[in-house]
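Good morning, and thank you for the time on the agenda.

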Amino acid sequence: MARAKISLIGGGQIGGVLAQLCALRELGDVVLFDIVENMPQGKMLDIAEVARVDQFDVELKGTNSYADIAGSDVVIVTAGLPRKPGMSRDDLLGVNAKIMKQVSEGIKEYAPNSFVIIISNPLDAMVTLCQKITGFPPERVMGQAGVLDSNRFCSFIAWELGVSVRDINAMVLGGHGDTMVPIVRYANVNGIPVMEQLIRKYGEAKAKEVMTAMVERTKMAGGEVVKLLGNGSAFYSPASSAIAMAEAILRDQKRVLPTCALLKGEFGVDNYYVGVPCILGAGGIEGIMEFELDAEEQALFDNSVAAVKGLIDELPSILPDLADILK
Ligand code: TXD
């Protein structure tokens, strides 16, 4: 059977880690595209030259030509600028929207049958733009944010309780911005409610404080890393998170992963991309796992969707030539 083909658009910090993870997991042959000359070729040569040590048999190619992404099964996009300390993700809209336009046109022309996973920020707006420009069915165009945001929330809970993060389940919904919504009510340790554990440990009042601090840290976790790095944003964690999504699709795993997906009435949202639990398999987004939010959660979710809408409304003025399809 032919190997799968994965193309990575953007060969920067995240792109390089994505390429290495694809190779280590033998997900398929990998093409790394960037507009910077020679750099993607250099990165792929570097990774390929350790194949014997790491024991993988896949082809790795760096390129500056979109023609090389032809026949891709999955395309993962990281092209665009990352944040600098003090910037919000939304500050990247103007410059990254223009990059996303070029990238989407390249994907539409050369990889028309691919599944597309966007990582570039501001995430929800970039996914929307890519779907509109490619015209691909929404189940084939999605964004990675929730896997990482949820993993961050799980990590903070695990560190607080002193248990393995593997036994924590907790999710973050909504847009990938400061308004994202960590869902406290369903956070659990192998089915045991996290809140109950915190109350046993600290009593009611302090437990609430501890949980609020974890929720706030989750919402600001990207910025925490940006500040520490001083130059650029998180790259190991978004790469691993997107690989989990690509693997779910390529290996038809039917995993339930928080994914930026186009909602058609689910969670009370019509025609906007935001993060919700999705079933990912060979058909891409094979289903959205809707569940009842309580009034407070719904209000926070609606607030997050409103923030995404605000960004989408700005797109026509950034890309006036696309005003028709962006309506
Ligand atoms: O969870 C998430 N979704 C994210 C997203 C978590 C962290 C960072 N996230 C965002 O990913 C971040 O805000 C950026 O928008 C992207 C990429 O982050 P990365 O850290 O990889 O940025 P780099 O190292 O600057 O790499 C971007 C590359 C760089 O090599 C540029 O030359 C290239 O993008 N680039 C382009 N590639 C193709 N086509 C065009 N037009 C282009 N312009 C720049």
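Predicted model: local features only at pLDDT ≥ 70, side-chain atom pairs only at ≥ 80, totals over all residues.

How far apart do the C-alpha centres of domain 1 and domain 2 lie? They lie 21 Å apart. Residues are numbered from 1 along each chain as its sequence is written, and side-chain values use heavy atoms, with hydrogens and water left out.

Let me begin with the domains. Domain 1 covers 5–144 and domain 2 covers 145–327 of the protein chain; these bounds come from an automatic or database domain assignment. Across the boundary, 44 residues of domain 1 are in contact with 55 residues of domain 2, where contact means heavy atoms within 4.5 Å. The area buried between the two domains is about 4,100 Å², and carbon and sulfur atoms give 71% of that area. Buried area here is the accessible area (1.4 Å probe) that two parts lose on being put together, summed over both. On the domain 1 side, Arg89, Asp124 and Gln144 lose the most area to domain 2, together 17% of what that side buries.

I turn now to the helices. Helices (H or I, at least four residues) and strands (E, at least two) are DSSP runs, numbered from the N terminus. Axes are lines fitted to C-alpha atoms, for helices over the stretch in contact, and angles run from 0 to 180 degrees between N-to-C directions.

Helix α6 (residues 146–161) and helix α10 (residues 236–250) have axes that come within 8 Å and cross at roughly 120 degrees. That angle makes α6 oblique to α10; angles under 35 degrees count as roughly parallel, over 145 as roughly antiparallel, 65 to 115 as roughly perpendicular and the rest as oblique. Val147, Leu148 and Arg152 of α6 make the contact with Ser237, Pro238, Ser241 and Met245 of α10. By class, these residues are four nonpolar, two polar and one charged. For the classes, Ala, Val, Leu, Ile, Met, Phe, Trp, Tyr, Cys and Pro count as nonpolar, Asp, Glu, Lys and Arg as charged, and the others, Gly among them, as polar.

Helix α6 also packs against helix α7 (residues 194–202), at an angle of about 30 degrees and with the axes 11 Å apart. The two are therefore roughly parallel. Here Ile157, Glu160 and Leu161 in α6 meet Val194, Gln197, Leu198, Lys201 and Tyr202 in α7, a set of five nonpolar, one polar and two charged residues.

Helix α7 in turn meets helix α8 (residues 204–219), their axes coming within 7 Å and crossing at roughly 130 degrees. These two helices are therefore oblique to each other. Among the residues in this contact are Leu198 and Tyr202 of α7 and Met211 and Met214 of α8. The contact comprises nine nonpolar, no polar and three charged residues.

Finally, the backbone. Most residues other than glycine have a negative phi, and most peptide bonds are trans. Glu26, in the loop between α1 (13–24) and β2 (29–33), has a positive phi of about 50 degrees although it is not a glycine. The peptide bond from Asn121 to Pro122 is cis, with omega near -10 degrees, and Pro122 sits in the loop between β5 (115–118) and α5 (123–134).
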